[in-house]
Amino acid sequence: MHPLNQQLQNPLTRAANQHDREEILTRFPDLQDIPDGRCLALRRYVVSHPDRFFDQTAYDYYLRWLRNRARTDRELLQEYLTDNESELARALHFLREINLQDWHDRLLEKADDYEHVRFVDRHIHPAYLRLIEGVFVHFTRCLAFFSRRDRGKGTDGLELWSVVQEVDRLPAAALTDPYRHTVRNAIAHGGITYRENRIKYVDKNGKEEELDAIEVIRLCDDMVDVCNGIVAAFKVFCIAENTHYDLPKELLLDELREETRSPWWQIDGCIPTETAKGSQLLVYAKPNSRDSGKIHMATVQSGILAESLAPGFDRYFFSLRSSKALPGWAAFDGKKLATLRKAPESNLESYKGILEDDLLFYSPHLKLPRWLCRLDTLLQSFRIQWALAWKQQRKERQIPTIICRGASVHRNGWRLVLRGHVFLPELEVLPVEETIRTWRRRITRVALKEARRNSPGIGLSRFLPLGYSRISVIRKDFRKRRLASFGLSKDLVCTVQLQKINRIKSPDILGSTIETHGPWRIAWNRSWRIEEGQQVSGGNGE
């Protein structure tokens, strides 16, 4: 941790970052004992899609394997990770780029076959190939390498197929389930034929496999989740064991991105380069403010933290690209930053002169009066702190967080019919049945608000009263397209139904236990009740 860590933290985002650290430690209890609290690199696994959908089984297995290997063969594991740092860093970068794409949580029309095929061709095939060749093989090669050593075999020639075959010898089915050798080869070598309702894959040896578009999408989604689970385990291991292993630079740069992120500042990427003056870390930042003072402070903060998190460069160059200003830049003296960080006593005043030629160029197209810049700061602060205060109030009053994961509404006469899915994260710690009974009205309101927001144009659906609704309550988050054909999984807790239109007749979920409260009807899912160890009846009953 940097000696001036407290002073370098942004006062507006300090509380939000601390809240997210607590959420991360709750989600990943293996990090409870880290001394410096440096774990914001894992924030996306708590708050962002598709990172938060990571495969828990793959995560558990990979983390357990790393820990067992570190216990029995720490020096060789250290050597392997050091020798393959560049490949692992690229894999982390590739996965981050894939996770940032916007198609992961997109809902597809069920009857539109052409839309499915176009979606597969445009997004799924390139992502699946890049995941396998750029991420999956690099992290599973570690398992294959040590598996061969344990068997007394050579470790040369560990290409993709050899790695998969070696991993299949281990009890690691969760890691290789989404891998299809024929599909991967067909995508790589152009052996794809689109048929009316199916996609035919032919590899270079003539082996064929046919899948429909929905199966291919699900296969890629599973590969994304497995890779995210593996990488989450790798990051947790590296952060928890940072006294024994050098953290990969890409992981440290993730920490830099998250630590310095604010409403007016975002770091998009970092690239190590070489110049005539020595090594350089090129940092691409995206300012979003006409207040040059905010951007100057964010740049200096990021420059100091960049040297702390990724030391060893002679120069740290920031490229500032914003739609609100001319292209800007700043260059920091890496050697001077390292000297000040290692000094026994230092303060922010001593950092004067870290900028080359004392120059930081950022010139907004339109310069605002100082009082408007201060007003903007107050508004940004209010927005951030109000969200935290409201979360704290909900927690103290035991108001559950309700997240709508898709809702649709249509007219039936002069009333609305609503269907949707909601996710309640706190169901793991709150009494499930009592929580849903108490907050059934709020569950319906949240789904109705989302459905009205997504309704096209300004139609009657925004103003008509609700006549019928059926909301599925789930205890685990899933992609929207997965929820569209969810079935009766054990993660479906119940359906909450409100009926004011008597002519609508809709059967309850099969085998459910029915509970009525006036116009409200709650159908508890049989699979969920069995999972919870509750006694269930033979069929639908009140």
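## Cavity lining

The model is predicted. Helix α12, spanning residues 249-260, gives the most to the lining of the largest cavity, with 3 residues. By class, the lining residues divide into 4 nonpolar and 2 charged, with no polar residue.

The volume of the largest cavity is about 50 Å³. With a threshold of 30 Å³ or more, the count is 1 cavity.

## Aromatic pairs

The count of aromatic pairs comes to 18. Phe-382 and Trp-386 form a stacked pair, with 6.0 Å centre to centre and 20° between the planes. The pair counts as stacked because planes under 30 degrees apart fall in that class. Both residues belong to helix α15 (residues 370-396); because they are 4 residues apart there, about one helical turn separates Phe-382 from Trp-386. Phe-382 and Trp-386 are each exposed.

Elsewhere, one aromatic cluster is formed by Tyr-62, Trp-65, Tyr-80, Phe-145 and Phe-146.

## Charges over rings

Two arrangements of a charged side chain and a ring are described here. Arg-27 lies over the face of Phe-28, 5.6 Å from the ring centre. In the other, the charged end of Lys-294 sits over the ring of Trp-264, at 5.5 Å from its centre.

## Glu-166

Is Glu-166 buried or exposed? Its relative accessibility is 3%, so Glu-166 counts as buried; the cut-off for buried is under 20%. Glu-166 is part of helix α8, which covers residues 160-167.

Beyond its neighbours within four places in sequence, Glu-166 is in contact with Ala-144 and Ser-147, and also with Arg-148 and Arg-151.

## Ser-322

Ser-322 is located in a loop, between strands β6 (315-320) and β7 (328-333). Which class does the relative accessible area of Ser-322 give? The value is 15%, and Ser-322 is therefore buried.

Not counting residues up to four places away in sequence, Ser-322 touches Pro-287, Asn-288 and Tyr-362. Ser-322 and Trp-265 are 57 residues apart in sequence, and their C-alpha atoms are 9.9 Å apart in space.

Methods
Residues are numbered from 1 along each chain as its sequence is written. This is a predicted model: local features need pLDDT of at least 70, side-chain atom pairs count only at pLDDT 80 or more; totals for chains, interfaces and linings use all residues. Side-chain values use heavy atoms; hydrogens and water are left out. On a 1 Å grid over the protein atoms alone, a cavity is a set of points where a 1.4 Å probe fits but cannot get out, and a pocket is an open set with protein on both sides within 12 Å along at least five of seven lines; lining residues have an atom within 4 Å of a point. Grid points are joined across faces, edges and corners, and a volume is the space filled by probe spheres set on the points. Helices (H or I, at least four residues) and strands (E, at least two) are DSSP runs, numbered from the N terminus. Ala, Val, Leu, Ile, Met, Phe, Trp, Tyr, Cys and Pro count as nonpolar, Asp, Glu, Lys and Arg as charged, and the others, Gly among them, as polar. Buried means under 20% relative accessible area, exposed over 50%, partly exposed in between (1.4 Å probe, protein chains only). Contact means heavy atoms within 4.5 Å. Rings of Phe, Tyr and Trp (its six-membered ring) pair if their centres lie within 6.5 Å; planes under 30 degrees apart count as stacked, over 60 as edge-to-face and the rest as tilted. A charge sits over a ring if NZ of Lys or CZ of Arg is within 6 Å of the ring centre and within 35 degrees of the ring normal.
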